[in-house]
Amino acid sequence: QVQLVESGGGLGQPGGSLTLSCAASGSSFSIYAMGWYRQAPGKKRELVATITNGGSTNYADSVKGRFTISRDNAKITVYLQMNSLKPEDTAVYYCKALTGGGMGYWGKGTLVTVSS
């Protein structure tokens, strides 16, 4: 079992920045990839960014050039640096971990609101 706890959400201004963190615990030694997803009000949950233990990254087109995903393997923590925030970035952001057995685990989410 893997437990994921997100933090860093809150109120951001358009054009501003926020950084999210996701710390893993439990059977975290089995994690080989982690990512961030988001769900805006009334919309489906969508991919934001992913990163493997080897450092390979992927981003949604909507956040390329603005968001950066990174990880600290020693602390089993993944980060999402969000720059040039837009109101459409407003969503609950969820952390996801993928284990070697193909099992996916989700955090409970952290709310990001972008508004002036």
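**View 1. The whole chain at a glance.** Of the 116 residues in the protein chain, 39% are buried (buried means under 20% relative accessible area, exposed over 50%, and partly exposed in between, with a 1.4 Å probe and protein chains only). This is a predicted model, in which local features need pLDDT of at least 70 and side-chain atom pairs count only at pLDDT 80 or more, while totals for chains, interfaces and linings use all residues. Residues are numbered from 1 along each chain as its sequence is written, and side-chain values use heavy atoms, leaving out hydrogens and water. You will find 11 strands and 0 helices here (DSSP runs numbered from the N terminus: strands are E, at least two residues; helices are H or I, at least four). The C-alpha atoms fill a box of roughly 40 × 25 × 20 Å along the principal axes.

View 2. Follow residues 2–7 and watch the side chains alternate.

**View 3. Strand 1 meets strand 3.** Strand 1 and strand 3 (residues 18–26) run antiparallel, joined by 6 bridges (two strands pair if DSSP finds at least two bridges between them). Look for V2, whose bridge partner in strand 3 is G26.

View 4. A24 lies in strand 3. Is A24 buried or exposed? A24 is buried, because its relative accessible area is 11%. Leaving aside residues up to four places away in sequence, A24 touches Q3, L4, I31, M34 and I76 (contact means heavy atoms within 4.5 Å). G102 is 78 residues from A24 in sequence, and their C-alpha atoms are 16 Å apart in space.

**View 5. T99 and its surroundings.** T99 is found in strand 9, which covers residues 91–99. T99 is buried too, with a relative accessible area of 6%. Which residues does T99 touch, not counting those up to four places away in sequence? They are V2, S30, I31, Y32 and Y105.

**View 6. Contacts across the sequence.** Back at the whole chain, consider the contacts with a separation of 6 or more: residues 24 or more positions apart account for 52% of them.
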